[in-house]
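Dear colleague,

Please find below the structure I am handing over to you, together with a short account of what was found in it.

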Amino acid sequence: MEPSDAELLDRWQKGSREAGNELVERHYESLERFFVNKVPSGIGDLVHETFQAFLESRDWMADPGRFRSYLFSAAYNVLRGQFREKGRRGNEVDLENVTMKALDPGPRSILAEREERRLLLEGLRSIPVADQVLLELYYWESLKVAEIAKVLDIPSGTVKARLHRARQRLKAITNTLTAAPNVLSSTLTDLDAWARQCRREHDIERRIRKDWPGEPVPEALRLVRAVVAKGTRKGADYITIPLMIQWLNEIENRPADAHVGDSRMIAEIFKSATYLQQIGLLAQYFELTREDASSVILDDDLVDEALSKGELFDPDTGEHIEDWSSHVVIFYMATEALRELLRER
Amino acid sequence: MSANEPADKDATLSALIALFGPQGVRDWNDRAGLNGRERFLAVLERDLDLAIRELESDAQHHQDRGEDLMTRMIVSFLRGRQYSVKSDPNERGHTDILVEHQMLNLKWIGEAKIHTAYPVNAKGLRQLLFRYASGADDRGGLILYVFNENALAMMDHWQKYLMDPGLRMDTLRIEPDLHGTRFRFLSIHKHPVGIEFTIRHHFVLLHFAPRDRES
């Protein structure tokens, strides 16, 4: 059985570096999510600073079972400190009134390409930081009201009242951000589902960035971004390389015919799709398209044999296919992990 | 063909064969995991050999470089081949190289060391076998950066060393590697979970002492 946070903390205190590593590893993603929609860069440093402040404060020793509350409390203080230091000339920032949008304009999430999710993230950044933190801890981190009360050092009743107020504010703000409020109506009534999607997006983005450190936007992430922005659940079963080029052109504001037939682009997409299969987001298939417009999905080993021998026989009729490779289409299917981010249409 | 898709030649295998050749496309399919775990591991080992060949061809520039930098160069090479690969990740401790394939449910762990002394190599190997490898997978690699002369003799000695029961590496047997250069071999160990765990040993030849300018 996995050791609890309190047990790991105890072992860490007694000098076990391994226990410390495990604890940091366990909560790193949550802290990243806490900072990601609030600061433009240096998130790793803030997470590190949070762990350091947490250990130094020793407040948690009174109640190690409430580890996450104390940790987010430390993160909230680090965030305050960050605002004090940067651009505010050492003055305390009133998080009850100031918004992230005012403090640091600009979109944060790379993956949040879909209109309603982008608007919600933007909406969160447009309400007071204290409300934003409240909603994110409640919906993204699933903290209970009592735990949030501990983080913000306010009574539970106040948390409930503020949650209600924050939801109202978010709803009002997001409606002003879009000319089509109906885009948001279903999302606003199901903030839990939206929060789950935000977490999934964040997890995917984090996963890819860990494999490609130092690259501002890795190729694979651009590709996922295009699929999430333009793909639909219905169309997730048949994604070809030219279709991905088309989607990339659309989201990166290039002419529709840009890179069509561009062998470098085809190679890059094929290679990135290989990686996306390794991390479980896409699955690759081969389809033999016949002259009579019928088609059949080919087994991977049949394609492998065709590539090895240079010839292909129709698996149904046994007929030798002339110019076989021109009749075999490669397409990708979004796996369940990616499909969850695609819109229902 | 599904409706409304741009079904042109760029969507077909012919476009990819024109770019990578038939064997190149097979290799990419293997990296994607289409042909199973053995083929994935085989292409990974071939790519690893190419990364090592690159390092060796630049031996004169690596004489003062630490093992971390050289390992990062190997990792960068593998990243260029689109592996999900990390250097120094925390995987039951800090491994040097971790390659993961989620679809195949596979993790390949590599440990890299500058060869200084056999006990140091043995320590690295023991870490890999008995600490980092959970036993859910059965393959890994040891990469030894060798600056000494006569790497072949060193490899022979290392093989004998591995079979010494007093060193607690639970080596079952040594086998030749049929796919790499002569500076590769396999050692098969009894992993604590009961499986046989195969380590591929890679000797990176970095000895550089040109004699062309000697009088």
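D170(B) lies in the loop between α5 and β5 of chain B. The model is a predicted one. In this model, D170(B) has a positive phi of about 45 degrees, although it is not a glycine. Most residues other than glycine have a negative phi. D170(B) is partly exposed, because 16 other C-beta atoms lie within 10 Å.

R168(B) is also located in the loop that joins α5 (151–162) to β5 (171–176) in chain B. Its phi is positive too, at about 55 degrees, and R168(B) is not a glycine either. Is R168(B) buried or exposed? R168(B) counts as exposed, because it has 11 C-beta neighbours inside 10 Å, and the cut-off for this class is 12 or fewer.

A second topic is strand β2 of chain B, which covers residues 97–101. Of its 5 residues, 5 are buried. I97(B), V99(B) and H101(B) point one way from β2(B), while L98(B) and E100(B) point the other way.

Which strands pair with β2(B)? Strand β1 of chain B (residues 84–87) pairs with β2(B) in the antiparallel sense over 4 bridges. Strand β3 of chain B (residues 106–114) also runs antiparallel to β2(B), and 5 bridges join the two. E100(B) stands opposite S84(B), and it also stands opposite K107(B) in β3(B).

Finally, the hairpin of β2(B) and β3(B) has 4 residues between the strands. In this hairpin, N105(B) takes a positive phi near 55 degrees.

Yours sincerely

Terms used. Residues numbered from 1 in each chain as written. Chains lettered and ligands numbered in written order. Predicted model: local features only at pLDDT ≥ 70, side-chain atom pairs only at ≥ 80, totals over all residues. Buried ≥ 20, exposed ≤ 12 C-beta atoms within 10 Å, placed from the backbone. Pairing = 2+ DSSP bridges.
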